[in-house]
Every structure is written in C-alpha cells, then in structure tokens.
Amino acid sequence: MYNFIIVDDEEIIRKGTLKKIQKLNYPLTCIGEASNGLEALGLLNKLKPDFIITDMDMPLMDGTQLLDNLIKNHPDLKVIVISGFENFSYAQKAIQAKALSYILKPFSRETIGTVLTQIMETLQEEKEKKNNTSNIAEWNVLSHFIIGNITINKLPIHLIKEFSNKQLRLATIYYEQAIQAKTLTDNYILLPHPQEDNMEFVILEEDEKLNFCDRLSSFSFTSNSFLCGISEKVDNPTQLFEAYKQTITAINTKQNSEIKNIFHYKRNEEKRIIHFEKINEIIFFIESGKSNVLKERLTAILTDMIKTNNLTLGEVKHIGIFLLEQTKGMLNNFYNTNTNHTLPDIYKTVYETIFSFEKLIEYFINFLSNIAESMSYEKIYASKDTIENVKSYISKYYYKDIKLDFLSDIFFLNSAYLSTLFKERTGQKYIDFLNSVRIEKAKELLNKSDRKIYQISKAVGYDNPKYFFRVFKKYTGVSPEQYKKRLQEEGSSASI
C-alpha cells in the first residue's frame with residue numbers, strides 16, 4: 001500500500017481526480033489534501049507520503065515554488081504534476097524536480113492509471129534495492145555526498161576516518177542500460193549512484209605497483225556498452241565531490257569517433273569553441289510552433305555537426321544548453337518576462353547523467369519540440385499571406401543578420417521568387433524595407449536613449465557604424481548626430 005497527498009486549489013478538481021483514482025482499485029491511499037503549496041508542505045512534513053500529486057497554478061504558494069522546495073528539501077520524493085497550462089516554465093520546473101509525469105488537464109482515468117502504475121513500479125524497485133543491499137543507508141549517504149547532494153558533516157564519522165590519509169581515485173561508470181546492484185568487496189568500494197539506475201562509483205586506493213585501469217579491469221564489465229571517467233588522486237574524503245566532477249568532465253571528453261571506454265581527467269585541457277550557426281532558423285521553428293519541421297531540421301543539423309566536427313559529449317551538451325537558453329530568451333521576449341537565471345538543474349541532468357550522443361539528441365529534440373508544440377497555440381506567423389509573415393519577422397528581428405536566403409529557407413520559398421513577390425506586394429525591395437525598419441528603430445533610440453552612435457548602430461543590426469551613418473543619411477537626409485541635435489533643439493524650444 002502506498003500513500004499520497006493531492007494539492008489543488010479547486011476542491012472539485014481534487015475530488016474528481018480522487019474519484020478517478022479510486023475507480024482504478026490500486027493499492028493507494030490519499031492521506032491528505034491541500035489547496036496550495038504551503039498547506040502541502042505542512043502535510044508533507046507531518047504525514048511523510050510516498051508521492052505527491054500537485055497542480056501548478058495556485059494561490060499563496062504555487063506549484064513552481066512548491067517544486068523548488070521539494071528539489072531542495074525532498075529530492076527523492078516522487079512527484080506527479082497536473083496542470084491546465086502548456087507552459088514552458090511549468091514544464092521546465094517539473095523536469096528540474098524530476099517529476100515522473102507532467103499531465104495536462106483534462107485527463108482520462110486511463111492516463112492517470114498509466115502514471116500511477118509507473119510510480120508504484122518505481123517505488124517497489126526502490127524498496128527492493130534497499131532490502132537487498134547491506135548497510136545501504138550509510139553507503140547511500142556517501143553516494144549523495146559524492147554527487148554533491150549533502151555536505152561532509154552528514155557522513156558517518158567512521159566513513160570519514162576510513163578514507164582519511166589514503167591516496168584514492170574515484171571512477172564514475174555509466175552503462176547504456178540499467179544495472180543490477182552489486183555487493184561491496186574487499187578489493188574496492190562499489191557504490192550505486194543514488195539517483196541513476198545505470199551509473200555507479202568505484203573507489204580504489206592508489207597502488208604504485210599496479211595501474212588503476214588494470215585494477216579496474218578486474219571489476220568485471222559485462223559488455224563494452226559502458227563509459228568510465230577516472231579522477232586525479234585525492235587524499236581526503238572532502239575531495240570526493242571534486243573527484244566526482246573530474247570523472248564527469250573526463251567522460252564528457254569522449255568524441256563521437258572514439259572506441260575507447262575509459263577516460264582520465266586532464267587539467268587545463270584546451271577547449272574548442274563550437275558555433276551553432278543555425279540558431280535563428282531553429283528559434284523560428286520553435287516560435288512559429290512548427291514542431292515537426294523542428295524535429296527534422298534539428299536532428300539533421302546536430303547529427304551532421306557531431307560527425308563533421310567529431311564533437312565530444314561535452315560539446316554537444318554545450319550546444320544543447322545554448323539552444324535552451326536562446327529559446328528561454330525568445331519566450332521571455334514573447335511573454336514580456338525577465339528570468340535572468342540559467343537552467344542549473346537541467347544543466348546538471350544533461351551534463352552528469354546523459355552520456356550517449358543519440359540520447360542527447362533525443363533529449364534536446366523532445367524538450368524543444370514540446371515548447372514548439374505549446375507555441376503553436378500562439379499562432380505566430382500564421383497569416384495566410386507569406387509576405388505579411390516575412391514583414392512580421394523582420395519587424396521583430398531587424399537587429400539580426402537577416403539574409404534573403406535565410407527568409408526563403410524558413411518560409412519555404414525560392415529566393416528569387418520571394419524577392420520578386422516582396423517587391424510586387426510592398427513596392428520596396430527587401431533590403432530597402434529592412435533598412436527602413438532599422439532606421440525607424442534607430443530614430444527611436446536616438447530620441448529616447450543616451451546610447452552612443454556606434455551602440456545604436458549595433459543595436460539595430462549594423463556592425464559597421466560608417467555604413468549605418470550612410471544608410472541613416474540616405475533615409476533621413478541628415479546624419480545621426482544632426483538628427484539627435486535637432487531633437488534636442490526641438491525639445492529645448494518646446495520647454496520655453
């Protein structure tokens with residue numbers, strides 16, 4: 001029998017959800033109901049449920065704030081998120097909290113049944129693991145310390161003494177498939193990852209007579225489908241977290257073409273700078289809600305970049321996080337929000353737990369296509385008139401390097417045809433329309449800001465201030481300085 005609490009500010013919704021669950025006849029008991037996050041935290045600390053079902057849009061403390069608290073104080077609690085909104089920030093927070101499912105209202109009894117079956121299976125597997133491993137609590141604490149979930153003062157004193165004054169190395173091992181728990185031996189300390197079923201740690205005392213990799217080879221790997229990162233030597237248990245980060249960095253240096261499985265951490269290793277040149281194209285397909293096109297294009301782009309540049313896992317992750325950050329910026333602009341924080345929990349998930357090129361592509365494709373699917377409801381660039389859509393894009397992104405070839409690609413038109421059609425419909429050449437939009441924006445900045453001329457030039461899409469000067473004078477008859485001076489003189493006259 002498993003217990004849960006349900007959190008939703010609408011009582012009728014709570015009762016309706018409970019009624020669907022009761023009809024499933026699962027071994028589940030609702031031990032508490034809350035109408036907001038604050039009430040939920042009170043019940044959580046008092047009742048200790050196995051999992052929680054929560055809405056996102058609530059008063060006093062909403063689902064986002066509640067999940068923030070769960071991430072910090074109850075990282076192992078299972079969560080099911082139910083929301084009436086296809087909202088990027090809600091979905092993002094659910095991923096950070098490692099929610100087992102994110103369900104959109106309204107949902108069927110079958111849908112909630114599938115999710116509850118999954119959560120019961122997960123709880124049962126965790127229960128069996130705890131029963132099958134001796135001293136699991138202490139070693140689990142050490143595993144949590146290694147990945148940075150707890151501080152050194154949480155470790156049992158005898159474990160600290162055991163690792164003190166010894167030359168140790170840490171190995172982090174990633175398997176493509178989930179693994180069966182193994183027992184500890186006298187030759188090495190083997191620890192399961194506390195949160196990932198396909199990862200584990202090996203702690204070995206340094207032996208000058210025997211290479212670490214040779215010793216590790218005695219630790220029988222069942223197949224070649226694994227990757228292993230090895231840290232530098234450490235001589236204090238407080239350094240195990242740093243050693244863990246070294247092992248993760250080491251694994252992330254694996255290149256697409258490499259066959260080897262074991263990677264040693266190297267200090268001050270030079271990093272390449274990989275540019276993602278198709279960012280404007282990808283952001284357009286997300287913003288316009290073209291999830292199918294996005295999947296096809298982004299899969300092809302990432303696959304080609306990985307093969308052509310022989311990228312490392314770390315470089316692919318850097319590109320993926322860059323895409324997420326740029327998408328977040330687009331969403332902030334569209335919804336007029338301002339979230340300056342990065343995506344630390346998503347970054348940690350990607351950087352520390354995914355070590356397959358295929359799975360990385362799948363992760364980023366799914367994440368971004370879900371956002372694109374949500375954006376499809378906003379119907380941006382949904383006019384039946386392609387030229388109006390083109391003008392709308394230019395008016396929004398005038399400050400970018402917008403080439404006619406780029407516009408023809410994203411709107412699926414021949415470049416020459418688009419140029420001709422644009423002139424016929426607007427009476428202007430494409431480049432003249434772009435310049436007119438930029439100059440109008442420049443005039444606004446000259447009127448409303450104290451930026452330098454070169455800063456305004458850059459802000460409206462001209463990298464060369466001299467070229468900006470010539471274009472501005474062509475469209476206004478005066479230089480930017482003369483235009484600004486005229487505005488100041490008119491302002492002075494008006495105030496007299």
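Visitor: Which helices each supply at least two residues of the lining of the second largest pocket?

Guide: In this predicted model, they are α9 (240–251), α12 and α13 (344–353). Helix α12 gives the most to that lining, with five residues.

Visitor: What makes a residue part of the lining of the second largest pocket, and which lie nearest its centre?

Guide: A lining residue has an atom within 4 Å of a pocket point. By that test the second largest pocket is lined by 23 residues, and Lys271, Thr312, Gly314, Glu315 and Tyr351 lie nearest its centre. The space in this pocket is about 700 Å³.

Visitor: Why is Asn435 called buried?

Guide: Its relative accessible area is 6%. Buried means under 20%, so Asn435 qualifies. The residue is found in helix α18 (residues 430–448).

Visitor: What is Asn435 in contact with, leaving aside its neighbours within four places in sequence?

Guide: Tyr462, Tyr467, Val471 and Tyr475 are its contacts beyond those neighbours. Contact means heavy atoms within 4.5 Å.

Visitor: How do you know what span is expected of helix α11?

Guide: The expected span is 1.5 Å times one less than the number of residues. Helix α11 (residues 291–309) has 19 residues, for which 27 Å is expected. From first C-alpha to last, α11 reaches 26 Å, which is close to that value.

Visitor: Which residues of α11 are buried, and why are they said to be on the same side?

Guide: Ser291, Leu294, Leu298, Ile301, Leu302, Met305 and Ile306 are buried. They cover an arc of only 125 degrees around the axis, and therefore sit on the same side of α11. The cover over these buried residues includes α10 (279–287), α12 (313–335) and α14.

Visitor: What is exposed on the other side of α11, and what follows just after the helix?

Guide: Asn292, Glu296, Lys307 and Thr308 are exposed there. Just after α11 comes Asn310, with a positive phi of about 50 degrees.

Visitor: What makes a set of residues a nonpolar core, and which members of the largest one touch the most other members?

Guide: The members must be buried residues of the nonpolar core types, joined through side-chain atoms within 4.5 Å. The largest nonpolar core has 96 residues, of which Leu142, Ile203, Phe276, Tyr393 and Leu407 touch the most other members. Helix α14 (residues 357–375) gives the most to this core, with eleven residues. Apart from it lies another core, of 19 residues, including Ile6, Leu28, Ile103 and Leu116.

Visitor: Which residues is Leu142 in contact with, leaving aside its neighbours within four places in sequence?

Guide: Leu142 is in contact with Leu155, Leu159, Phe163, Leu191, Ile203 and Leu240.

Visitor: How many cavities of 30 Å³ or more does the structure hold, and what makes such a space a cavity?

Guide: The structure holds one. A cavity is a space where a 1.4 Å probe fits but cannot get out. The largest cavity holds about 40 Å³ of space. Its lining is made of Ile6, Val7, Asp8, Ile13, Thr17, Ile53, Thr54, Asp55 and Ile82. The elements giving two or more residues to that lining are β1 (2–7), α1 (11–22) and β3 (51–54).

Visitor: How many helices and strands are in the protein chain, and what share of its residues count as buried?

Guide: There are 21 helices and ten strands. Of the 496 residues, 45% count as buried.

Conventions: Residues numbered from 1 in each chain as written. Predicted model: local features only at pLDDT ≥ 70, side-chain atom pairs only at ≥ 80, totals over all residues. Heavy atoms only, no water. Buried < 20%, exposed > 50% of the residue type's maximum accessible area, 1.4 Å probe, protein only. Helix = DSSP H or I, 4+ residues; strand = E, 2+ residues; numbered from the N terminus. Arc of directions from axis to C-beta. 1 Å grid on protein atoms, 1.4 Å probe; cavity = no way out; pocket = protein on both sides within 12 Å on 5 of 7 lines; lining within 4 Å. Points joined across faces, edges and corners; volume = space filled by probe spheres on them.
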